[in-house]
Amino acid sequence: MKTAIIFKKSDIPGLFADKSLKRLEALGELAIHDSDDLSDEAVKKTIAGADVAITSWGNTTLNEDILSVCPNLKFVMHAGGTVKPIVSDAMWQRGIRVAASTKPLGIGVAECALGFAISASKNFYNVNEDIHNGGWNERRSSCMELYDITVGVISAGFVGRHFIKLMNNFDVEILVYDPYLTDEKAAAIGAKKAELKELLERSDIVSIHAPSIPATNNMFNAETLKWMKKDAVLINTARGSIIDEQALYEHMAAGNLKYACLDVFNPEPPLADNPLRTLKNVILTPHLAGLATNGLRRIGAHSVEEIERFLNGEPLHCEVREEMLATMA
């Protein structure tokens, strides 16, 4: 069996620890792309004759031309986020199975959202500024514990479910809005299904984990933001297109919401004159909620595990099927 790593050579050390590469070598022949050139011709040289291919950020579509040199390709493991840039009709027609690194990436995103939830509830951002300006403990009454409050989760995909799992360590009520989730499945993951308006009206913290699809475009707008409690916290570690940024600016500039914590923007990076940059109650980070530095190697470990599951005929943890693409990021 031949496994081909066909993404940029310079990205391999950051994603695959030596121990992960050794596990791949133990499965059979391992071909590693020898440059950062991801043109079709360069990729064809590495993927030729492969049974399994590993892609990542930077790869483009595995089209008919590329697939022509690997007629026995059976499985593509995407060591990255969305698979949409790499999949093609030709892949589905050939019955090639696909998996992504959604689960390991979701761990980092959910943990970042938890960090926002704790720091914003405790009011770290304002009290830090107070102390730098000579104050001390004037805002203690504005601090809130993750206890006996309601946390709203938008979407129960891999990330949303992991965030719910983390929140179940606290004594809070968890509401989830997800049109594709049943009441029974919501209860099974430790949450209660709710409609969007109810969730926003009741929640003290709202964390967005939805994909960027037409149905979620500007889901948070001038109307829906008004449904939220005035002292609630809004967290977005999903996609910038889900929030109407002008509407959010106007809402926050008027003193509504305790904080809006944003790791994603539309576009990215945010424009230099984006008015959200001027508000102290809007906390901004540069799309770092996914795995970073050492955490990226979770992707490599997960990729090897998925390939082993595929070869052993076991269920894949993060398989992507063609019909799923319409509701995925």
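**Salt bridges, sheet, helix, loop**

I start with Lys 44, which forms a salt bridge with Asp 65, the closest N and O atoms being 3.2 Å apart; a salt bridge here is a side-chain nitrogen of Lys or Arg within 4 Å of a carboxyl oxygen of Asp or Glu. The pair links distant parts of the chain, with Lys 44 in helix H3 (residues 40-47) and Asp 65 in helix H4 (residues 64-67), 21 residues apart. Helices (H or I, at least four residues) and strands (E, at least two) are DSSP runs, numbered from the N terminus.

Before going on, the conditions. This is a predicted model, where local features need pLDDT of at least 70 and side-chain atom pairs count only at pLDDT 80 or more, while totals for chains, interfaces and linings use all residues. Residues are numbered from 1 along each chain as its sequence is written, and side-chain values use heavy atoms, with hydrogens and water left out.

Back to the pair. Lys 44 is buried, at a relative accessible area of 15%, and Asp 65 is partly exposed, at 35%. Buried means under 20% relative accessible area, exposed over 50%, and partly exposed in between, with a 1.4 Å probe and protein chains only. Glu 41 joins Lys 44 and Asp 65 in a network of salt bridges.

How many salt bridges does a search of the whole structure find? The count is 15. Among them is Arg 97 with Glu 319, whose closest N and O atoms are 3.0 Å apart. This pair also links distant parts of the chain: Arg 97 sits in strand E5 (residues 97-99) and Glu 319 in strand E13 (residues 319-320), 222 residues apart. Arg 97 is partly exposed, at 31%. Another is Arg 139 with Asp 130, at 2.5 Å between the closest N and O atoms. Here Arg 139 is partly exposed, at 32%, and Asp 130 is buried, at 15%.

Now the sheet. Seven strands form an open sheet with parallel pairing, in the order E8-E7-E6-E9-E10-E11-E12; two strands pair if DSSP finds at least two bridges between them. Strand E8 (192-193) and strand E12 (282-284) stand at the edges with a single partner strand each, so one side of each has no neighbour in the sheet. Inside that order, E10 (residues 233-236) and E11 (residues 259-262) pair in the parallel sense over four bridges. Ile 235 stands opposite Cys 261 in E11.

Which helices go with these strands? Helix H6 (residues 102-121) lies across E9 (205-208), E10, E11 and E12, running at about 160 degrees to E10. Helix H12 (residues 245-253) packs on the sheet and touches E10, E11 and E12, its direction making about 145 degrees with that of E11. Contact means heavy atoms within 4.5 Å. Axes are lines fitted to C-alpha atoms, for helices over the stretch in contact, and angles run from 0 to 180 degrees between N-to-C directions.

Next, helix H13 (residues 297-311). Its 15 residues reach 22 Å from first C-alpha to last, close to the 21 Å expected at 1.5 Å a residue; the expected span is 1.5 Å times one less than the number of residues. The buried residues of H13 include Ile 299, Val 304, Ile 307 and Phe 310, and also Glu 306 and Arg 309. Just after H13, Gly 313 takes a positive phi of about 70 degrees.

Last, Gly 28, in the loop between helix H2 (18-25) and strand E2 (29-32). Gly 28 is partly exposed, at 29%. Its C-alpha is 5.3 Å from that of Met 1, 27 residues apart along the chain.
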